[in-house]
Amino acid sequence: MSSQSNSVAPLYRINKYTVPVEARQEFVELVDKTLAVIRKQDGYVKDLFLEQHAGPGQFDFITMIEFASADVAPKVAAALIAFDHQLGLDREALMKTLGIRTDFASYRAFAGLAA
C-alpha cells in the first residue's frame, strides 16, 4: 500500500473509559465539550459516544471518532490542546483525580490478509 493511499484512508480514534459513578457527570460534560470542538475541525466525519449497558467488558464509555484521513489527527490534537489551555485543563491530571481509567488508540480499516 502506498503512503498516498494511507493518507486518504479514514482514521478511527477509539477512546475507552472506566468511570467511577461519582465522576460520571463531570466526565460526560467534558466529553460533550470535547466532541463539540472535534466536530468543528476540517476532516471530521462522524462520531459515536457509547455507554456500556450489558456484558462483561471493563470499560463504561467509548468514543469512536472518524476522520477523513490520518492527516487530520495532528490538527485535531492541536485544537484540543488550545481548548484545554483556554480552560486551564490538564486532562491527564483530571482523569487521575477522578479515578478514570483510559485506553486510547487510532485505527484504520482492516485491509485483509495478504494472498
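The exercises below work through one predicted model, each with a solution in steps.

The model is predicted, so local features need pLDDT of at least 70 and side-chain atom pairs count only at pLDDT 80 or more, while totals for chains, interfaces and linings use all residues. Residues are numbered from 1 along each chain as its sequence is written, and side-chain values use heavy atoms, with hydrogens and water left out.

**Exercise 1. State which secondary structure elements the chain contains and in what pattern they follow one another.**

Step 1. Count the elements: the chain has four helices and four strands.

Step 2. Read along the sequence: the pattern is α-β-α-β-β-α-α-β.

Step 3. The C-alpha atoms fill a box of roughly 50 × 40 × 20 Å, taken along the principal axes. Of the 115 residues, 30% count as buried; buried means under 20% relative accessible area, exposed over 50%, and partly exposed in between (1.4 Å probe, protein chains only).

**Exercise 2. Work out the order of the strands in the sheet and say which strands lie at its edges.**

Step 1. Recall the general rule: strands of a sheet pair through backbone hydrogen bonds, either parallel or antiparallel. Here two strands pair if DSSP finds at least two bridges between them.

Step 2. List the pairs. β1 (residues 11-18) and β3 (residues 61-67) run antiparallel and are joined by seven bridges. β1 also pairs with β4 (residues 101-107), again in the antiparallel sense and over seven bridges. Seven bridges join β2 to β3, and these two run antiparallel.

Step 3. Check single positions. L11 stands opposite F67 in β3, and F67 is also the bridge partner of Y44. On the β4 side, K16 stands opposite D103.

Step 4. The edge strands are β2 (44-51) and β4, each of which pairs on one side only. From one strand to the next, the twist averages 10°.

Step 5. Axes are lines fitted to C-alpha atoms, for helices over the stretch in contact, and angles run from 0 to 180 degrees between N-to-C directions.

**Exercise 3. Describe the aromatic pair of Y17 and F104.**

Step 1. Apply the cut-offs: rings of Phe, Tyr and Trp (its six-membered ring) pair if their centres lie within 6.5 Å; planes under 30 degrees apart count as stacked, over 60 as edge-to-face and the rest as tilted.

Step 2. Count the pairs in the structure: there are five.

Step 3. Classify this one. Y17 and F104 lie 5.7 Å apart, centre to centre, with 65° between the planes, and the pair is edge-to-face. Y17 belongs to β1 and F104 to β4, 87 residues apart, and the pair links distant parts of the chain.

Step 4. Compare accessibility. Y17 counts as buried because its relative accessible area is 9%; F104, at 41%, is partly exposed.

Step 5. Widen the view: ring pairs link Y17, F27, F49, F61 and F104 into a cluster.

**Exercise 4. Show which face of helix α4 is buried and which is exposed.**

Step 1. Name the buried residues of α4 (residues 91-98): L94, M95 and L98.

Step 2. Find their side. They cover an arc of only 100° around the axis, so they lie on the same side of α4; the arc is that of the directions from the helix axis to the C-beta atoms.

Step 3. Turn to the other face, which carries the exposed residues E92, K96 and T97.

Step 4. Identify the cover: α2 (24-39) and β4 are included in what covers the buried residues.

Step 5. Inspect both ends. At the start of α4, a side-chain oxygen of D90 reaches to within 3.2 Å of the backbone nitrogen of E92. After α4 comes G99, whose phi is positive, near 75°.

Terms used
Contact = heavy atoms within 4.5 Å. Polar contact = N/O pair within 3.5 Å; in protein donor to acceptor, adjacent residues only side chain to side chain.
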